[in-house]
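Please look at the chain below before reading the points.

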Amino acid sequence: MSSKLLRGTFILTLGTFVSKFLGLFYIIPFVMIIGADSEDFLQLYNYGYVPYTIFISIATGGLPLAVSKYIAKYNAVEEYAIGRKLFRSSVKLMLLSGTLAFLFLFLLAPLYVKLAIGDLNGGPFTEKDVINVIRTVSFALILVPFLSIIRGFFQGHQSMGPSSVSQVVEQIVRIAFLLTGAFLVVKVFGVAEY
């Protein structure tokens, strides 16, 4: 038991480290794409990232951790059917909460920009630019809560490998999407020319 716990902890720690490492250093190519003197583009990134993190926290609400704990509990007493039923219910709940979070963020983006960000006159971006960024990142809210519940399921079965791998893959996909999107917007479509 102790050996399995240590192995699982090591795998999760390694996955978290690799994910955070990638998240720390992708900023170098990102700044190279948008231009080192383009602090405005970093601000545009923050306009989209901050509400996304708030809504992803609301959409998941700690449920993946609870699922992990209860599946482990039901597996320990050999009530596997209850664990599967709990998992199916959680998947439905995460799909629902993710979809609702997406709809709220997507539909309320104009209101959020008016209330939280305020007047953008004089800056390099219009209100529509910020709304488009927020709406673009909102699509991730449909999928990420579902992925987090899958992680909780595997952790409940004391299988940390898939959970760790999915965390790293999710980070790689996020970074690839961000860098590709930045490259297309700045270099191909020439939006950076203000």
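This is a predicted model: local features need pLDDT of at least 70, side-chain atom pairs count only at pLDDT 80 or more; totals for chains, interfaces and linings use all residues.

Gly118 comes directly after helix H5 and has a positive phi, near 85°.

**Helix H5**
- H5 covers residues 80-117, and its end C-alpha atoms span only 49 Å, whereas a straight helix of 38 residues would span 56 Å at 1.5 Å a residue.
- A kink of about 60° lies in H5 at Ala109, shortly before the proline Pro110.

**Helix H7**
- The end C-alpha atoms of H7 are 24 Å apart, which agrees with the 24 Å that its 17 residues should span at 1.5 Å a residue.
- Buried positions in H7 are Leu141, Val144, Pro145, Ser148, Ile149, Arg151, Gly152, Phe153 and Gly156.
- Gln158 follows H7 and has a positive phi, near 55°.

**Packing of H5 against H7**
- The two axes, of H5 and H7, come within 7 Å and cross at roughly 155°.
- Because angles over 145 degrees count as roughly antiparallel, H5 is roughly antiparallel to H7.
- The crossing of H5 past H7 is right-handed.
- On the H5 side, the contact is made by Phe87, Ser90, Val91, Met94, Leu95, Gly98, Ala101, Phe102 and Leu105.
- On the H7 side, the contact is made by Leu141, Ile142, Pro145, Phe146, Ser148, Ile149, Ile150 and Phe153.
- An α-helix has 3.6 residues a turn, so residues three or four places apart point the same way.

**Ile134 in H6**
- Ile134 belongs to helix H6, residues 127-138.
- With a relative accessible area of 0%, Ile134 is buried.
- Not counting residues up to four places away in sequence, Ile134 touches Tyr47, Gly48, Pro51, Leu105, Ala109, Tyr112 and Val113.
- Among these contacts of Ile134 is Ala109, where H5 has its kink.
- Val113 is 21 residues from Ile134 along the chain, and their C-alpha atoms are separated by 9.1 Å.

**Arg151 in H7**
- Arg151 is found in H7, residues 140-156.
- The relative accessible area of Arg151 is 16%, under the 20% cut-off, so Arg151 is buried.
- Arg151 touches Ser163, Ser166, Gln167 and Glu170, not counting residues up to four places away in sequence.

Definitions and conventions. Residues are numbered from 1 along each chain as its sequence is written. Side-chain values use heavy atoms; hydrogens and water are left out. Helices (H or I, at least four residues) and strands (E, at least two) are DSSP runs, numbered from the N terminus. Buried means under 20% relative accessible area, exposed over 50%, partly exposed in between (1.4 Å probe, protein chains only). Contact means heavy atoms within 4.5 Å. The expected span of a helix is 1.5 Å times one less than its number of residues. The bend at a residue is the angle between axes fitted to the seven residues ending there and the seven starting there. Axes are lines fitted to C-alpha atoms, for helices over the stretch in contact, and angles run from 0 to 180 degrees between N-to-C directions. Angles under 35 degrees count as roughly parallel, over 145 as roughly antiparallel, 65 to 115 as roughly perpendicular and the rest as oblique. A crossing is left-handed if the near helix is turned anticlockwise from the far one by less than a right angle, and right-handed if clockwise.
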